[in-house]
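Subject: Structure handover

Hello,

Here is the structure I said I would pass on. Please look it over before reading the notes under it.

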Amino acid sequence: MEKKLPRHKSVYLLPNMLTTASLFLGFLGLTWAIKGDYASCALCILSSCVFDGLDGKVARMTGTTSEFGVQLDSLADLVAFGVVPATMTYLWMLEGFGRLGLMAAFLFMACGALRLARFNVQTATSSKKHFVGLPIPGAACTLATLVLFTEYVPQTYMESVLPIMTLGLVYVLSFFMVSTIRFYSFKEISAFKAHPFSWMVTAILVFSLVASRPKVLGFIIFLGYLISGPLYTLFLLSRRGKRLLRDSSSKELG
């Protein structure tokens, strides 16, 4: 009779292999960044994000979630979405700023590590509808799509405006990761649940637009997500909180 391993000594192959694939793509991107091929590094970061999303989905669908998988996923995320984009951005645009650029790249990586640690601690109690702070894959993909977007930037702006813009963006992304700003998580949207027909039309339209100009629209989408966090927190959540406070006060008076 086959003996079962204790749960704390066993690991699930499929989700952990997907996490390892994400880690490998991050490492591959790091080698491209060192060689100066920043476009290939950016594509590795984006591909790594795909595998990072798949491992959690597969683990939940197959009932193979484990504490080991959670910790491995965090370590892989720190490499693929912390170390790699920080190194890529420093060698690409920030090196010319000297210590200021070096500290910006380090701050991005450090804030990413803090964001992951906070997520692991709060994951059991936090809301599934939104993230507290910008997710580290979102921050990394914003920088990756910026690298691809620069193909359409005039050379004069590449040398004057873009380095300063990149430096500011890195500091903003770092702050957003460790902030309490809420970002929509999209976890309530599932491809395996019934949705209105209009959602299908919208999904096809978005896919067609992105496929037509992926390097332009990819950066615009992630930049839009970055802006949506403060708007979502300031307008929607603050109004909802005031409404709940007003309702509770009226009930107490009644």
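The notes below cover the core, the salt bridge, the cysteines and a surface patch.

Please keep in mind that this is a predicted model.

Core

The largest nonpolar core has 43 residues. Those that touch the most other members are Ile45, Met88, Phe108, Leu134 and Leu173. Two or more residues come from each of helix H2 (38-62), helix H3 (67-94), helix H4 (99-122), helix H5 (136-149), helix H6 (155-178) and helix H8 (214-253). H3 supplies the largest share, nine residues. As background, nonpolar side chains in soluble globular proteins tend to be buried together.

Leaving aside residues up to four places away in sequence, Leu134 touches Arg115, Ala139, Leu173, Phe176, Met177, Phe183, Tyr225 and Leu226. One of these contacts, Leu173, is itself among the core residues that touch the most other members.

Salt bridge

How many salt bridges does a search of the whole structure find? It finds one, and the partners are the side chains of Lys215 and Glu151, at 2.5 Å from N to O. Lys215 belongs to helix H8 while Glu151 sits in the loop between H5 and H6, so the pair ties together parts that are 64 residues apart in sequence. Lys215 has 31% relative accessibility and therefore counts as partly exposed.

Cysteines

There are zero disulfides in the structure. For Cys41, the nearest cysteine sulfur belongs to Cys44 and is 6.5 Å away; a disulfide needs the two sulfur atoms within 2.5 Å. Cys41 counts as buried because its relative accessibility is 0%. Cys111 is also buried, with a relative accessible area of 8%.

Surface patch

A nonpolar patch on the surface is formed by Leu100, Met103, Phe106, Leu107 and Tyr171. Together these residues have about 440 Å² of accessible area. Which helix gives the most to the patch? That is H4, with four residues. H4 is also one of the helices that give two or more residues to the core. Tyr171 is found in helix H6 and, at 30% relative accessibility, counts as partly exposed.

Regards

Terms used. Residues are numbered from 1 along each chain as its sequence is written. This is a predicted model: local features need pLDDT of at least 70, side-chain atom pairs count only at pLDDT 80 or more; totals for chains, interfaces and linings use all residues. Side-chain values use heavy atoms; hydrogens and water are left out. A nonpolar core is a set of buried Ala, Val, Leu, Ile, Met, Phe, Trp, Tyr and Cys residues joined through side-chain atoms within 4.5 Å. Buried means under 20% relative accessible area, exposed over 50%, partly exposed in between (1.4 Å probe, protein chains only). Contact means heavy atoms within 4.5 Å. A salt bridge is a side-chain nitrogen of Lys or Arg within 4 Å of a carboxyl oxygen of Asp or Glu. Patches are made of residues with over 30% relative accessible area and no salt bridge: like charges are joined within 9 Å, nonpolar side chains (Val, Leu, Ile, Met, Phe, Trp, Tyr) within 5 Å. Accessible areas come from the Shrake-Rupley method with a 1.4 Å probe; for residues, only the protein chains shown count as cover.
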